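Try each task before you read its solution.

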Amino acid sequence: MATSDIEFTDGKEKILTKYARPLMEATAVINVSLIKDHDNAGYTGCLKNMTHGSISNPSKHHAHRSSPQIAKLYAHEAIKSRVRLHVVDGFKLMYDGGPVQVVSYVPHESVYVTTDPVAMDALGWELVDKTRVAKGMKTLKDAGREPAYIAAAGDMGLGIADRSKHVVKEIKL
């Protein structure tokens, strides 16, 4: 069984983080996340939902726009060995203001299901950027909030970040 502790450095200090007991006691996890803008990390989806929602001190992992912290925290066996499925509630798409400001969203009326959190976060980021541009706003990258942790997670082998390699199948109900 994986230890619930991880020692992490943000380049300045060592940070001891504990993973939540329910996560550590689980043998399988289904992650349910949203598609949303984040004032620090740029985007919040599958990866950040699991990491920052499952540790004792998420605020300690926001330096450098949470990159590569989100990727490194997700790569720990506590999460990587347990998460089996990601269900993304895309009923509405939050494109600005998350998580603490007045949130701006548009109806999206979708549900996404995947085993690849990196691919889903890359798609979610793309959807947020398309909505921001349609609303006359800068992309997350142009606003200085590129979610670089998504590429870092892809580079670590946690999934596929390259959108050109993704296959999305739409099922209309």
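**Exercise 1.** Find the bridge partner of K36 in β5.

Solution. Go to K36, then look across to β5. The partner there is M94. Keep in mind that this model is predicted. Next, check the two strands as a pair. β3 and β5 (residues 83-96) run in the parallel sense, with eight bridges between them.

**Exercise 2.** Give the strand order of the open sheet, then say which strands stand at the edges and why one side of each lacks a neighbour.

Solution. Start with the order. The four strands run β4-β3-β5-β6, and their pairing is mixed. Now take the ends. β4 (42-44) and β6 (104-114) each have a single partner strand, so one side of each has no neighbour in the sheet. Finish with the twist, which averages 20 degrees from one strand to the next.

**Exercise 3.** Decide whether N31 is buried or exposed, and describe its surroundings.

Solution. Second, apply the cut-off. Buried means under 20% relative accessible area. N31 has 2% relative accessibility, so N31 counts as buried. Third, list contacts. Leaving out residues up to four places away in sequence, N31 touches C46, N49, M50, V83, L85, H86 and V87. Last, look at side chains: those of N31 and N49 make a polar contact at 2.4 Å.

Methods: Residues are numbered from 1 along each chain as its sequence is written. This is a predicted model: local features need pLDDT of at least 70, side-chain atom pairs count only at pLDDT 80 or more; totals for chains, interfaces and linings use all residues. Side-chain values use heavy atoms; hydrogens and water are left out. Buried means under 20% relative accessible area, exposed over 50%, partly exposed in between (1.4 Å probe, protein chains only). A polar contact is a pair of N or O atoms within 3.5 Å; within protein, one must be able to donate a hydrogen and the other to accept it, and residues adjacent in sequence count only if both atoms are side-chain atoms. Contact means heavy atoms within 4.5 Å. Two strands pair if DSSP finds at least two bridges between them. Axes are lines fitted to C-alpha atoms, for helices over the stretch in contact, and angles run from 0 to 180 degrees between N-to-C directions.
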